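Please read the points below with the structure open beside you.

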Amino acid sequence: MKVEKTTVPFNGTPEQEKELRQKLQEIKKIDGCEMIALQQAQEIYGYLPIEVQKIIAEELNVSLEKLYGVTTFYAQFKLNPKGRRHVSVCLGTACYVKGSQAVIDKFSELLGIPVGGCTADREWSLEACRCIGCCGLAPVATVNDEVFGNLTEDKVEGIIKKFEGIDEAIEEVTKEN
């Protein structure tokens, strides 16, 4: 499985930047505060794009390379944004042997994004994960907090349509009111 960087434009706000810079001023006196800074930044932005890492490097007077090393070492940090609909496909052993690679490949194809990517409109994102504890339902994927089990690549399009249909139904109700 190849994970690629997506090109979703950064859209941070001046308010987010101000909040981040304020938090960095509070924690920069702490030795080894890079982890705390990255955690705070991810809480504000939802992920750690290069633009945010540059602010942290500048405010803490640390190299961008050092920060990038930390963000890519720890799984808790995300370099790409999550979409409003976040798909996570389990590639743990039970799921993998039952065909989850074909499932994630189909999501990637239909959504037009690589694993680890997000659509430009930030509606969908896709990631691989390891065991979510539903091995009896393998292969398994989640969309946000909803679990889908016993998947095949033929079921992927229906899952996508289900979530897009929910949005269409909400829009219709909103128009009527």
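1. A crossing of two helices is right-handed if the near helix is turned clockwise from the far one by less than a right angle. In this predicted model, helix 1 passes helix 3 in a right-handed crossing.

2. Two packed helices are described by the angle between their axes and the distance between the axes. For helix 1 (residues 14-27) and helix 3 (residues 50-60), the angle is about 35 degrees and the axes lie 10 Å apart.

3. Which residues make this contact? From helix 1 come Glu17, Leu20, Arg21, Leu24 and Gln25, and they meet Val52, Ile55, Ile56, Glu58, Glu59 and Leu60 of helix 3. Sorted by class, the contact has 6 nonpolar, 1 polar and 4 charged residues.

4. Side chains of opposite charge can pair when their charged atoms come close. The model has 10 salt bridges. One of them joins Arg21 and Glu58, with the closest N and O atoms 3.1 Å apart. Arg21 is in helix 1 and Glu58 in helix 3, so this pair ties together parts that are 37 residues apart in sequence. Salt bridges with shared partners join Glu17, Arg21, Glu58 and Glu59 into one network.

5. Glu34 and Lys66 form a salt bridge at 3.3 Å, N to O. Glu34 belongs to helix 2 and Lys66 to helix 4, 32 residues apart. Is Glu34 buried or exposed? Glu34 has a relative accessible area of 13%, so it counts as buried, the limit being under 20%. Lys66, at 44%, is partly exposed.

6. Arg85 pairs with Glu123, the closest N and O atoms being 3.2 Å apart. Arg85 lies in strand 1, and Glu123 in the loop between helix 6 and strand 2. Arg85 is buried at 6% relative accessibility, while Glu123 is partly exposed at 21%.

Methods:
Residues numbered from 1 in each chain as written. Predicted model: local features only at pLDDT ≥ 70, side-chain atom pairs only at ≥ 80, totals over all residues. Heavy atoms only, no water. Axes fitted to C-alpha atoms, helices over the stretch in contact; angles between N-to-C directions. Helix = DSSP H or I, 4+ residues; strand = E, 2+ residues; numbered from the N terminus. Contact = heavy atoms within 4.5 Å. Nonpolar A, V, L, I, M, F, W, Y, C, P; charged D, E, K, R; others polar. Salt bridge = Lys/Arg side-chain N within 4 Å of Asp/Glu carboxyl O. Buried < 20%, exposed > 50% of the residue type's maximum accessible area, 1.4 Å probe, protein only.
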